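Subject: Two-chain model, handover

Hello,

The model we talked about is below, with my notes after it. Please read the notes with the coordinates open.

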Amino acid sequence: MAIKVKFFASLRELTGKNEALIDYREGMTASQIWALVVDGMDMPADIMVAVNMEYVKGDPVAQDDDEVAFFPPVTGG
Amino acid sequence: MHIELRAGDFDPYAEVAGYQAKLAPGKYGASAVFVGSLRDFNEGERVTGMYLEHYPGMTEKHLDEICERAREKWRLLDGLVLHRTGDIKIGEAIVVVAIWSAHRGDALDACRFIIEDLKHQAPFWKKEQLPAGGRWVEKNTSGYAKQV
């Protein structure tokens, strides 16, 4: 009963975390997961969120065993 | 289509030529190629190198989806998408997108579609090395130039 949380690029450096494992609680949203893992640090306005490697919009509710990733706008190519 | 992330330097033109050599001659009448390379300047600063981070698993999955969408939209024979990761030196290729089709319209449009989607949606992040230290690139430049 856990959720894996990942951070990339500037958000990895900002939060000082690569990834974290948190206990699953029913109804947890992405913003609640962010606040829990980064100890209340404000969520950047332009943040991108992926659940199980798919982009999500808004503030989705996570399910047990989900992988939730937070990262800044992408800049590949 | 072949999609690959590579940690080491590659010659994009040799990669395209090598891939094309495996295709059946006479079937393709158009090949469109985009190569992105590392500049030594950006936003008024001298750039001395770059680190390219990605999200293992999601990046490959997203590139697969981009190419699948391109195949649904245009008549394509084959394609090659090769993207660097890790430390990159000035002048080295960052990405190559090559598309083969019977006609130029499909090849050119699909090549443009893939590189634009890749730049705006695929989970890659560039950290430039400047003389004063590292700087994360916050957004890509527009892919559509103003005419002079």
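**Strand 5 of chain A and its sheet**

Lys4(A) has Glu67(A) as its bridge partner in strand 5 of chain A. This is a predicted model, in which local features need pLDDT of at least 70, side-chain atom pairs count only at pLDDT 80 or more, and totals for chains, interfaces and linings use all residues. Residues are numbered from 1 along each chain as its sequence is written, while chains are lettered from A and ligands numbered from 1 in the order in which they are written.

Helices (H or I, at least four residues) and strands (E, at least two) are DSSP runs, numbered from the N terminus; two strands pair if DSSP finds at least two bridges between them. Strand 1 and strand 5 of chain A are parallel and share 4 bridges. Strand 3 (residues 48-51) of chain A is joined to strand 5 of chain A by 4 bridges as well, but in the antiparallel sense. In that strand 5, Phe70(A) is opposite Val49(A), and Val68(A) is the bridge partner of Val51(A).

Of the 5 residues of strand 5 of chain A, 4 are buried, so the strand is largely enclosed by the rest of the structure. Buried here means 20 or more other C-beta atoms within 10 Å of the residue's own; 12 or fewer is exposed, and anything in between is partly exposed, with C-beta atoms placed from the backbone.

The open sheet of chain A has 5 strands in the order 2-1-5-3-4, with mixed pairing. Its edge strands, each pairing on one side only, are strand 2 (19-23) and strand 4 (54-56) of chain A. Neighbouring strands of the sheet are turned by 30° against each other on average, direction ignored. Helix 2 (residues 30-37) of chain A lies across strand 1 (2-7), strand 2, strand 3 and strand 5 of chain A, at about 110° to strand 2 of chain A. Axes are lines fitted to C-alpha atoms, for helices over the stretch in contact, and angles run from 0 to 180 degrees between N-to-C directions.

**Chain B**

Of its 148 residues, 34% are buried.

In strand 6 of chain B, 6 of the 7 residues are buried, so this strand is largely enclosed by the rest of the structure. Strand 1 (residues 2-6) of chain B pairs with strand 6 of chain B in parallel over 5 bridges, and Arg84(B) in strand 6 is the bridge partner of Arg6(B). Strand 6 and strand 8 of chain B are antiparallel and joined by 6 bridges; Val96(B) in strand 8 is opposite Leu82(B).

The buried residues of helix 3 of chain B include Ala107(B), Cys111(B), Ile114(B) and Leu118(B). What covers the buried residues of that helix includes strand 2 (30-37), helix 2 (58-73), strand 6 (78-84) and strand 8 (93-101) of chain B.

**Where the chains touch**

The contact takes 13 residues from chain A and 24 residues from chain B, where two residues are in contact if their C-beta atoms, placed from the backbone, lie within 7 Å. On the chain A side, helix 1 (9-15) and strand 5 (67-71) of chain A are the elements that give two or more residues.

Regards
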